[in-house]
Amino acid sequence: SFNAFDGDIRELFEPCGNILNIKMIMRPDGKPKGFAFVKFSTKSSFNKALEFNNSEHMGRQIRVE
């Protein structure tokens with residue numbers, strides 16, 4: 001979502017496992033562009049996150065790759 005911030009992304013993906021970092025991509029005005037990069041500590045956490053592909057978060061369909 002264009003209204004999602006770090007905490008929203010963390011809350012969504014924390015059940016998958018330990019998150020090392022989240023990099024939100026922002027517009028020049030400081031608002032989110034609508035996508036982020038999430039780095040997990042394990043491959044299994046990443047694989048669990050892939051299960052969220054095409055699900056809905058904050059009113060928008062998300063893509064997890």
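Student: Is Arg10 buried, exposed or partly exposed, and what is its relative accessible area?
Tutor: In this predicted model, Arg10 has a relative accessible area of 26%, so the residue counts as partly exposed.

Student: Which residue does Arg10 form a salt bridge with?
Tutor: The partner is Asp6, and the closest N and O atoms of the two residues are 3.9 Å apart, which falls within the 4 Å cut-off that defines a salt bridge here.

Student: How are Asp6 and Arg10 placed in helix H1?
Tutor: They are 4 residues apart in helix H1, which means that about one helical turn separates them. Asp6 is partly exposed, with a relative accessible area of 31%.

Student: How many salt bridges does the structure hold?
Tutor: There are 3 salt bridges in the structure. Besides the bridge between Asp6 and Arg10, the side chains of Arg27 and Asp29 meet at 2.9 Å, N to O, and Arg63 pairs with Glu65, where the closest N and O atoms are 3.1 Å apart.

Student: And Arg63 and Glu65, buried or exposed?
Tutor: Arg63 counts as exposed because its relative accessibility is 67%, and Glu65 likewise counts as exposed, at 69%. Arg27, from the bridge with Asp29, is partly exposed, with a relative accessible area of 35%.

Student: Changing topic, which residues make up the largest nonpolar core?
Tutor: That core has 12 residues in all, namely Ala4, Ile9, Leu12, Phe13, Cys16, Ile19, Ile22, Met24, Phe40, Ala49, Ile62 and Val64. Helix H1, spanning 6–13, and strand E1, spanning 19–26, each supply at least two residues of this core.

Student: What does Ile9 touch, if residues up to four places away in sequence are not counted?
Tutor: With those left out, Ile9 touches Ala4, Ile22, Met24 and Val38. Ala4, Ile22 and Met24 are listed with Ile9 among the members of the largest nonpolar core.

Student: Now the rings: how many aromatic pairs are there in the whole structure?
Tutor: A search of the whole structure gives 3 aromatic pairs. One of them joins Phe13 and Phe40 in an edge-to-face arrangement, with 6.2 Å from centre to centre and 80° between the planes.

Student: What about the rings of Phe35 and Phe37?
Tutor: Their centres are 6.1 Å apart and their planes lie at 85°, so this pair is edge-to-face. Phe35 is partly exposed, with a relative accessible area of 42%.

Student: Which residues do ring pairs link into a cluster?
Tutor: The cluster consists of Phe13, Phe40 and Phe52, linked by ring pairs.

Student: Last one, His57: which strand is it in, and is it buried or exposed?
Tutor: His57 lies in strand E3, which covers residues 56–57, and it counts as buried because its relative accessibility is 13%, under the 20% cut-off.

Student: What is His57 in contact with, leaving aside neighbours within four places in sequence?
Tutor: On that basis, His57 is in contact with Ser1, Asp8, Leu12 and Ile62. Leu12 and Ile62 also belong to the largest nonpolar core.

Conventions
Residues numbered from 1 in each chain as written. Predicted model: local features only at pLDDT ≥ 70, side-chain atom pairs only at ≥ 80, totals over all residues. Heavy atoms only, no water. Buried < 20%, exposed > 50% of the residue type's maximum accessible area, 1.4 Å probe, protein only. Contact = heavy atoms within 4.5 Å. Core = buried A, V, L, I, M, F, W, Y, C linked by side-chain atoms within 4.5 Å. Phe/Tyr/Trp six-rings, centres within 6.5 Å; stacked < 30°, edge-to-face > 60°.
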